[in-house]
Amino acid sequence: MSTTRPCSPGDRGPESGDGGASAVSARSAAPVDGATSVDSAAPVGAAPVPVGRQARRLSLDGESGVVPLARDFARQALYAWGWLPAASADRRAAAEDVLLVVSELVTNACLHAEGPDELRISCDNKVLRIEVSDRGAGQPAPRTPHRAGRPGGHGMFIVQRLCLDWGVVRTPGVAGKTVWAELGAPA
């Protein structure tokens, strides 16, 4: 797994802040500009299938209780995109993995950076991407060696184990970084 590559192989790169997309307020779960919507007329019990790439942003700058706020935001996106309610154990596990990765990335920004600035989550039919921006200078990495029986230090190990790939994006001349992680969409 990469901790320095800005995006996974073949990826279009991190979600752009350009294109007129504005940050969503901390208590709003509206999609960003250009996101497509799911079919809300799907039969009961059938998960709607997102068409194209869906994206949502949540500003966390200056907010308190950011970890539960970020999890609730991600959960709302998963409902909107048809990952929840889960029709099978595999789909439920995939949604729980997303919520855990969101929690770990936001918690790491709280503990090891100067707090998270923004959470971005996007999804197409194959990959869900989570991005957490912060002002910290550190480089996240799984603790080596991993000590399974010890408290703390498991965040990036968990991210590494659950995700297809993850990495860090830095913008030259700008303080901070964006830590991204990608998970496979449930079948």
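Read along the sequence, the protein follows the pattern β-α-α-β-β-α-β-β. Three helices and five strands make up this pattern. Helices (H or I, at least four residues) and strands (E, at least two) are DSSP runs, numbered from the N terminus. The model is predicted: local features need pLDDT of at least 70, side-chain atom pairs count only at pLDDT 80 or more, and totals for chains, interfaces and linings use all residues. Residues are numbered from 1 along each chain as its sequence is written, and side-chain values use heavy atoms, with hydrogens and water left out.

The protein has 187 residues, of which 44% count as buried. Buried means under 20% relative accessible area, exposed means over 50%, and partly exposed lies in between (1.4 Å probe, protein chains only). The accessible surface comes to about 9500 Å². Carbon and sulfur atoms account for 53% of that surface. These areas come from the Shrake-Rupley method with a 1.4 Å probe; for residues, only the protein chains shown count as cover. Contacts were also sorted by sequence distance. A contact means heavy atoms within 4.5 Å. Among contacts between residues at least 6 apart in sequence, 65% join residues at least 24 apart.

The strands come next. Two strands pair if DSSP finds at least two bridges between them. Strand S1 (residues 54–59) pairs with S2 in the antiparallel sense, over six bridges. Within this pairing, Leu58 has Leu119 of S2 as its bridge partner. S2 also runs antiparallel to strand S3 (residues 127–134), and seven bridges join the two. Here Glu118 is partnered by Ser133 in S3. A hairpin of three residues leads from S2 to S3. Strand S2 (residues 116–123) is largely enclosed by the rest of the structure, because eight of its eight residues are buried.

S4 and S5 form another antiparallel pair, with five bridges. In this pair, Gly167 stands opposite Trp180 in S5. S4 is mostly covered, with five of its five residues buried. Both of its faces are covered. Asp165, Gly167 and Val169 are buried on one side, and Trp166 and Val168 are buried on the other.

In soluble globular proteins, nonpolar side chains tend to be buried together. A nonpolar core is a set of buried Ala, Val, Leu, Ile, Met, Phe, Trp, Tyr and Cys residues joined through side-chain atoms within 4.5 Å. The largest such core here holds 35 residues. Val98, Leu105, Leu119, Ile121, Leu128 and Ile130 touch the most other members. The elements that give two or more residues to this core are helix H1 (66–80), helix H2 (89–112), S2, S3, helix H3 (155–162), strand S4 (165–169) and strand S5 (177–184). The largest share, nine residues, comes from H2. Ile130 shows how these parts meet. Not counting residues up to four places away in sequence, Ile130 touches Val98, Val101, Val102, Leu105, Leu119, Arg120, Ile121, Val179, Trp180, Ala181 and Leu183.

A pocket is an open set of points where a 1.4 Å probe fits, with protein on both sides within 12 Å along at least five of seven lines; lining residues have an atom within 4 Å of a point. Of the 20 lining residues, Asn108, His112, Pro140, Ala141 and Met156 are the closest to the pocket's centre. H2, H3 and S5 each supply at least two residues of the lining. H2 gives the largest share of the lining, seven residues.

Most peptide bonds are trans. A cis peptide bond joins Leu84 and Pro85, with omega at about -5°. Pro85 is found in the loop between H1 and H2.

Thr144 is found in the loop between S3 and H3. Thr144 is exposed, with a relative accessible area of 72%. Thr144 and Phe157 are 13 residues apart in sequence and 9.1 Å apart in space, C-alpha to C-alpha. Ala137 also has its place in the loop between S3 and H3. At 73% relative accessibility, Ala137 counts as exposed. Leaving aside neighbours within four places in sequence, Ala137 is in contact with Arg170 and Lys177. Ala137 and Ala175 are 38 residues apart in sequence, and their C-alpha atoms are 7.1 Å apart in space.

Note on methods:
1 Å grid on protein atoms, 1.4 Å probe; cavity = no way out; pocket = protein on both sides within 12 Å on 5 of 7 lines; lining within 4 Å.
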